[in-house]
Amino acid sequence: MSALLEVRDLRVAYGKVEAVKGISLTVEEGEVVTLIGTNGAGKTTTLHTLSGLLEPSAGHVTFAGRDVVGVPAHHVVALGLAHSPEGRHIFPRLTVEENLLLGAFLRRDAAGIADDVERGYTLFPRLRERRGQAAGTLSGGEQQMLAMARALMCRPRLLMLDEPSMGLSPIMMKKIMATVAELKSSGTTILLVEQNARAALALADRAYVMETGRIVLTGGGRELLHDESVRKAYLGEE
């Protein structure tokens with residue numbers, strides 16, 4: 001049986017500059033897989049390509065058994081692949097609830113949408129308190145909660161999270177990562193890009209280490225958490 005997401009020999013270029021240089025990875029149903037690496041490694045470019053925002057120069061991407069290379073981003077979402085992007089990209093002038101409803105723009109099941117709005121508020125109680133508030137007035141951590149809850153509104157088979165803890169206070173970072181752990185325990189399949197390598201590896205079933213557009217190491221999350229080279233390069237340990 002094939003993986004939910006299969007990436008083979010993926011290459012992505014910006015003009016003559018190749019940002020992703022022939023990577024391969026898989027995500028199985030129910031797994032949390034993390035992609036770690038320094039800034040500029042190609043992690044965000046990879047997620048943008050998987051979600052249909054960029055077109056690769058070579059390689060294959062299969063999601064739920066379907067080739068999605070060249071498929072428009074909104075069709076990729078309809079297939080069940082949701083992307084919570086780096087920088088959150090919420091709609092600042094719309095309310096919290098309006099942002100959530102935009103996450104369900106492809107759906108027509110009003111009762112189900114209402115249930116999922118409620119699920120978002122249960123997952124992030126702070127959003128319930130601010131449901132009528134303009135999203136641009138939220139704190140960074142609250143905006144991250146909103147971006148994640150909005151991505152969940154399409155009931156994804158695979159949720160891609162790009163740097164969910166970036167720029168957050170240590171307390172808020174712990175809350176966000178605890179929510180990722182809660183989603184994992186509920187069976188949500190997640191592809192996580194995260195600079196906090198320690199937190200990401202502790203959560204992940206499997207991990208890939210990416211450097212300058214290439215995957216240089218792969219293994220179990222806990223395994224790489226204790227790998228000497230990973231500890232020195234990404235965990236700040238000697």
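What joins the side chains of D162 and T44? A polar contact of 2.9 Å does; such a contact is a pair of N or O atoms within 3.5 Å, one able to donate a hydrogen and the other to accept it, and residues adjacent in sequence count only if both atoms are side-chain atoms.

This is a predicted model, where local features need pLDDT of at least 70, side-chain atom pairs need 80 or more, and totals for chains, interfaces and linings use all residues. Residues are numbered from 1 along each chain, and side-chain values use heavy atoms, without hydrogens or water.

D162 is found in strand β7. Strands (E, at least two residues) and helices (H or I, at least four) are DSSP runs, numbered from the N terminus. β7 (residues 158–162) pairs with β6 in the parallel sense over 4 bridges; pairing takes at least two DSSP bridges. S84 stands opposite L161 in β7. In β6 (residues 81–84), L81 and H83 point one way, A82 and S84 the other, and all are buried, meaning under 20% relative accessible area with a 1.4 Å probe, protein chains only.

D162 is buried too, yet has no salt bridge (a Lys or Arg side-chain nitrogen within 4 Å of an Asp or Glu carboxyl oxygen). The nearest side chain of opposite charge, K43, is 6.8 Å away.

Now the open sheet. Its 4 strands run in the order β2-β1-β4-β5, with antiparallel pairing. β2 (17–27) and β5 (66–67) each have a single partner strand, so one side of each lacks a neighbour in the sheet. β1 (residues 5–14) and β4 (residues 58–63) are joined by 5 bridges. R11 stands opposite A58 in β4.

Methods. Buried < 20%, exposed > 50% of the residue type's maximum accessible area, 1.4 Å probe, protein only. Lys, Arg positive; Asp, Glu negative; His and termini not counted.
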